[in-house]
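Hi there,

Here is the structure I promised to pass on to you. Please open it next to this email and follow along.

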Amino acid sequence: MSFTFFRRTGERRTKRALVLVTTLLLGASLLPAPAGATPPEGEDSVHAAEPYLVGRGIADATGEIAEVGLMGYGRIDQQAAGLHNRQRSRAFVVADRDTSERVLLVVVDAPMIFNSVRQEVLRRLAERYGDTYTERNVMLTATHSHATPGGHAHHLLYNITTLGFHRKTFEAVTSGIVESVEKAHSDLAPASLTLTHDELADASANRSRAAFDRNPARDKAHFPDAVDPQTSLLRIERDGRPVGAINWFPVHATSMSGDNRLVSSDNKGYAAYRWERQDAGVDYRGDPAPAFVSAFAQTNAGDLTPNLDLTPPSTPEDFQRTTANGEKQYRAAKRQLTADGTAIAGGVDSRLVHLNLSEVEVRPEFTGDGRTHRTCKPAVGAAMAAGSLEDGPGFPGFDEGENPLWDKVSHSVLYRASPKLKECQAPKGVFAPVGAMNKVHPWVQEIVPVQLMRVGELHLIGVPGEVTITAGLRLRRTVAEAVGADLQNVLVAGYANSYFHYLTTPEEYDAQHYEGGSTLFGRWQLPALQQTAHELATALRDGRDVPPGDEPEDLPGNQFRLQPGVVLDTPPLGKRFGDVLSQPAEAYSAGEQVSATFAGTHPSNDLHRGGTYLEIQRWDGRAWQPVADDGDWSTALHWTRRGVSASRVTITWQPPADAAGTHRIRYRGDARNALGRVAPITGVTREFTIR
């Protein structure tokens, strides 16, 4: 062993000792009393009323907003050109006051959680907190917004349309998640938890009804309208006062269209913003400990679209659709804030295993046909290349369902050469055998984390992908039966910890719609996940550990980037940075959009994480006070390149009905000179009046 090993080991021990000492000195009052100790008078009843320690945290996780591909629709032409509103990471720590066991749930406005991000977050949490937060008790989930920047994966398939890896976005997402956890950790305080359920029937539609209809009658009877309307809320209260909420409702965050070019947190981001900012008055930049934190998490949303007419929206119509759908989710969740529910009691616990989905032997009790089957190397179907026609079509020349060319190639060449591949992947028309391609370069992840987390009666199945409602139902039934839980209290936590595309039932897989073509590991992928979920559930029930298995490889050194970074900023000829090229009008009526254009700079020079590119300011008679910034739904920043190195920045603001008074717009940018040095610049419009 080298000296470096002992030095690093000593450093880790020192950090853990510091964490322990800090906990003892500052947080002793929050820890369980020693065995045999007599609690102060009345403490037993207080403890029973608030059996958990709960911490909440929000942080900015916004990546690059210009010249980076937006992730989700798979379109190379969908390059970001501005900001609608900022991405947030919301973290919740729940600790059992009796055992000190804890779990951490993070909900981040992101397209997916890639393994690259998960590994880096866990690495940084270990540096700060030792073994307090580990892969076993940390669940990272994404809202799946299709209007947020990509380029933060370490697998090639997801970086093609973003023209490679974008380190600044990767850093913003990981740092935002870690910061939200730090805030939640510091916010730990006694709390009670209540779980409620309701129905929201008019916020989603099944975009793959023909595939859904292939399922058995028992499954379809559970979803008579082919949607999962269950909206679940975990309410967090301190001293009887609500201080936070986590909502689970399945619907794709595809209200913003593939033609949109502004970074946006989409419908779930709006729902959280609506509750926190507009309802609870949270100041994202000014409140170190906000009074209320709300997260709108995904569950089994694989075949559910927010586009109720089954037609992709266009821009700018999609902004109204996004607001409308998010408002429905917010109102459904808000109704549950005062509803009767289940007072959560009991411990917290978690289990996790790394599963190599390329080589799972699935036992007969899970396959449904009384035979043993195997999963296989991943393959992309031609139906995946077609895209989801109801949310945003993919490549021309491909269709959901039959694709004669690729079906013929698969059946006459690939499946004939490999009967095992046929048994696993047929009837998929294979477009790209990414499993074989992984031998040359890592295209997709094959070893994935599968997790089960319990908070009292609530069980969350962490699945690293997009689960259809019926696939989710089968997973939920598997776990509910194993642990003896009420089915409605067992939820799929989709888009969790990593990403393996879709998960369909074998019956849906046979239809080879977009979802089936995107189920990479073949027809038996869901039974393999059910088998794994059952093993985790029985281990959790019996108090047994499970071997975590081999972790997926860390791939930070294998990245490429075709898109050049910012080389130089120059103002337009005859202008200076920050000059107002187009002033707002002198006066506006309430509700009329305000607009101004500046001689700007490239936004990627500084992402302003935790800050803002713009402020709407109001004169209060003594000073200019900020009333909105780039985290608000009412503002937008549009960026365009002029020539080789000049930038034009247009800021718009939709004033609320009560915005009377004198206002101005302040723009904040950062200019890069020929030597690579970056310096802040600013610009301010003339005053204007809202009547």
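Below is what turned up, beginning with the charged pairs.

A word on the ground rules first: this is a predicted model, in which local features need pLDDT of at least 70 and side-chain atom pairs count only at pLDDT 80 or more, while totals for chains, interfaces and linings use all residues. Residues are numbered from 1 along each chain as its sequence is written, and side-chain values use heavy atoms, with hydrogens and water left out.

**Salt bridges**

Side chains of opposite charge can pair when their charged atoms come close. A salt bridge here is a side-chain nitrogen of Lys or Arg within 4 Å of a carboxyl oxygen of Asp or Glu, and the structure holds 47 of them.

One joins Asp219 to Arg474, with the closest N and O atoms 2.8 Å apart. Asp219 sits in helix H6 (residues 217–222) and Arg474 in helix H14 (residues 469–483), so this pair ties together parts that are 255 residues apart in sequence. (Helices are DSSP runs of H or I with at least four residues, strands are runs of E with at least two, and both are numbered from the N terminus.) Asp219 is buried at 4% relative accessible area, and Arg474 is buried at 14%. Buried means under 20%, exposed over 50%, and partly exposed in between, using a 1.4 Å probe and protein chains only.

Now look at Arg363 and Glu365, whose closest N and O atoms are 3.0 Å apart in another salt bridge. Arg363 is partly exposed at 31%, whereas Glu365 is exposed at 54%.

Salt bridges can also be found linked up: Glu120, Arg123, Arg124, Glu171 and Asp554 make a network of them.

**A histidine to look at**

Where does His602 lie? You will find His602 in the loop between strand E29 (594–600) and strand E30 (614–619). His602 has 3% relative accessibility and counts as buried. Its side chain makes a polar contact of 2.8 Å with the side chain of Glu67. A polar contact is a pair of N or O atoms within 3.5 Å; within protein, one must be able to donate a hydrogen and the other to accept it, and residues adjacent in sequence count only if both atoms are side-chain atoms. Leaving aside neighbours within four places in sequence, His602 is in contact (heavy atoms within 4.5 Å) with several residues, among them Trp639, Arg641 and Asp670.

Happy exploring!
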